[in-house]
Amino acid sequence: AACPSGSCVTVTVTVSPDLIDEFAVPGQYVQLRQSGLGDSDDNKPLFLAIASPPAATSVIVRRRLPIFLLRSFAQSSVAWALHRMSAHHRHRPLSSRIEDRPSAQDDEVPAIGAAAVLCCQASAFAPGISSPVAKSLVASDTSRVAPALKSPGAGAAAFGLVASPLPSTGNAAASSSRTVLFMGWGPDPEWSTATVSGNEVACPSGSCVTVTVTVSPDLIDEFAVPGQYVQLRQSGLGDSDDNKPLFLAIASPPAASSTTDEADAAAGPSSGTEIEFLIKKTDNNGWITSATPGTSVEISQVMGGGFPMEENFEGFKFDFPTQNVLLFATGSGIAPIRSVIESGLLGTGPDSSAGRTARLYYGASTPDDMPYAERFAQWESSGVEVVPVISRPEEVDGGWSGRAGYIQNALEEDGVPIPRNTGAVLCGVKGMCESVKDIMTQAGTFEGRVLTNF
């Protein structure tokens, strides 16, 4: 048993020396399945992150969930980077240091976890933090870091991390704001009640539905950047194992930036306290894809930083401001891309002073599996060229005369216009996102201008 409740167990497995040698980086994982059953449908493998550290390392600290990743990382020798860089700390501005919190509790994030930041992995824990900023974070007190590295119990949990504004803790010389880097998957959800106000089929195949939810005005105010998301779960079941939340990107645009016209108003949310989701039907989400108006659900606060377009597309952070924006979506990944397009933040169209061009590559199996097709004309009129790409043209009744294959192949065929002044916004399957990023960066697009929302 791994905890008093018995809900988790620690399983130790004897493996070959070769596998031990392969395990070199904390966070790596294996697949595990029953022996003797082969590839049968009844022998689906488990994907398990390795909890023990790589064989050559042995530092132990306390950690915040998810334990299976952070334990392995904190135990590795990379944590020693904090101690090695602590001498440099005295020459950093106070506002860029890792500050210790005097009231930190035993389960708080240890400073040793900041070694992830020093290894340029900040984006895995706090997407809004870029590597150059992350690299500047170093240990604040050498005398306390060394004991924390040597002893798992004493002192290790007394450190905090620095990354979103918090009030100063009384150091007169310190900056007026401090930051906290959340280790794990972000803050815990704060649940509130919401009500389903609409549920409609989103494409001819019926594989996706558009669900409209009435929420509090406070949540509407929190939603400020296209690409942000919420967690949604059934009402009344609490934290039970049968009530795992869905992570859903918001499909409607933020209220303050919406470019809603009459046609959009007819198709979209009808009041200032509604938001929309595009949800692909699965075996496990019938409770929401089949929900009727009036159904009560629980919704979290708005999460994530969304697509940081203003930060990376405007100004001279990389080069001249972005003049071309390419958008990429597959399947229900079109949801946050719709939010981008209809937010008006792209700076396209005849009424925009930015004068940008934009093109959307939208991939689906067939045209019948393509939500929002009825909005394409509206998007085109706002200055966004829409390029549908069908991966199974042979299944289209009457044939398909448009682009076929995968959207990354379409990008290769078209090329990237003026790469140094082109940005991209992506949401979809991992393979597509990785391929598009590779194509664009190899063409000369700045990596920081290829944006995802997770």
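This is a predicted model: local features need pLDDT of at least 70, side-chain atom pairs count only at pLDDT 80 or more; totals for chains, interfaces and linings use all residues.
Residues are numbered from 1 along each chain as its sequence is written, and side-chain values use heavy atoms, with hydrogens and water left out. Local features require pLDDT of at least 70 and side-chain atom pairs count only at pLDDT 80 or more, whereas totals for chains, interfaces and linings use all residues.

Helix α12 (residues 334-343) is largely enclosed by the rest of the structure, because 10 of its 10 residues are buried (under 20% relative accessible area, with exposed over 50% and partly exposed in between; 1.4 Å probe, protein chains only). Helices (H or I, at least four residues) and strands (E, at least two) are DSSP runs, numbered from the N terminus. Just after α12, Gly344 adopts a positive phi of about 80°.

A search of the whole structure finds 6 aromatic pairs, in which rings of Phe, Tyr and Trp (its six-membered ring) have centres within 6.5 Å, planes under 30 degrees apart counting as stacked, over 60 as edge-to-face and the rest as tilted. The rings of Tyr29 and Phe47 form a tilted pair, because their centres are 6.0 Å apart and their planes at 35°; both residues are exposed. The pair of Phe328 and Tyr361 is stacked, because the ring centres are 5.3 Å apart and the planes at 5°, and both residues are buried.
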